[in-house]
Amino acid sequence: MALTLYVDTARWRAHHKQVLEQFPGLVPVCKGNGYGFGHERLADEAIRFGSDMLAVGTTYEAARIKDWFSGDLLVLTPFRRGEEPVPLPDRVIRSVSSVEGVHGLVGARVVIEVMSSMKRHGVSEQDLAHLHAAIEDVRLEGFGIHLPLDRTDGSDAVEEVIAWMDRLRAARLPLHTMFVSHLSAPELARLQQQFPQTRFRARIGTRLWLGDHDATEYRGSVLDVTRVSKGDRFGYRQQKAASDGFLVVVAGGTSHGVGLEAPKALHGVMPRAKGVARAGLATVNRNLAPFVWAGKQRWFAEPPHMQVSILFVPSDAPEPKVGEELVAHLRHTTTQFDRLVDH
């Protein structure tokens, strides 16, 4: 009995092929929990479609994945002086976001990140004059820019990249390769047309692995079903059942990421109103679970346990049977499955 990730493998891989065709030279990203699939599986898929490079989040991830992927590994978290040294092979490329950082990576392969409108990290325009001397002591693989997902000010992502290309060219810095994030295929094509001597490589994770939502599905096995009457006490906190129904124990708890929700940026009146409603229900211990039964998303009977969740299914719904599976609407990047099944 498990929380299972089912993958329609043929459909999933057809989506990979489509994205790879749209983004020539794509660098697949495999970071965090491997977008819900795990590092080893994504490394296998990257090998399968012939990628020469795989991007990971941290040096620790690079150390784990190096035995599964034999190509170049690009570490996206920028190098910082004083960081804990992690033994890594020469095929690992470090991102760096400061002149000081470049000086600290003598002899290493590096990608220098420039400061975008994200304002997260990157070298500034004022730093460019100091990069000439610094890059003589490293093996420069190219420059990189990480762009925001939303552009609420109406600005153009391509124009932002062009502005940086012009600054780098004016500073007489090499422009053979530019790593970019969060550009559409037409935007990438515009850049490639304007700068034919530069190779643009899109670093893509979410769109590649999770772009076809119907290719994957989580399901939790029903472990136990107990009938309760209104007023019966149950669970760790001995709450009272609000009505007649069933307590359904399903595989999937906090250790799997069930009940874990990342903050969302809400736009518009309706999404904000729904957020306020959910918060109000939570104050009276009413929390919607990710599990679906008989066409409806069901409520937690109490907060999820470590490896299971207890749901309340009212008596007017069919009784779930032990061994059946409930579809679960879970976020891939925060979920850890028990098993993965290709079908």
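## Exercises on a pocket and a ring cluster

The second largest pocket has a lining of 25 residues, and Lys31, Tyr35, His146, His182 and Thr206 are the ones nearest its centre. A pocket here is an open set of points on a 1 Å grid over the protein atoms alone, where a 1.4 Å probe fits, with protein on both sides within 12 Å along at least five of seven lines; lining residues have an atom within 4 Å of a point. This is a predicted model, where local features need pLDDT of at least 70, side-chain atom pairs need 80 or more, and totals for linings use all residues. Residues are numbered from 1 along each chain, and side-chain values use heavy atoms, without hydrogens or water.

**Exercise 1.** Find which elements give two or more residues to the lining of the second largest pocket.

*Solution.* Start with the elements: helices (H or I, at least four residues) and strands (E, at least two) are DSSP runs, numbered from the N terminus. Now look along the lining: β9 (199-204) and α8 are the elements you want.

**Exercise 2.** Work out how the rings of Trp12 and Trp209 are arranged, and what the pair ties together.

*Solution.* First, recall the rule: rings of Phe, Tyr and Trp (its six-membered ring) pair if their centres lie within 6.5 Å, with planes under 30 degrees apart stacked, over 60 edge-to-face and the rest tilted. Next, apply it: the centres are 6.1 Å apart and the planes of Trp12 and Trp209 at 45 degrees, so this pair is tilted. Then place the residues: Trp12 is in helix α1 (residues 9-22) and Trp209 in helix α8 (residues 206-210), so the pair ties together parts 197 residues apart in sequence. Finally, widen the view: ring pairs link Trp12, Phe37, Phe49 and Trp209 into a cluster.
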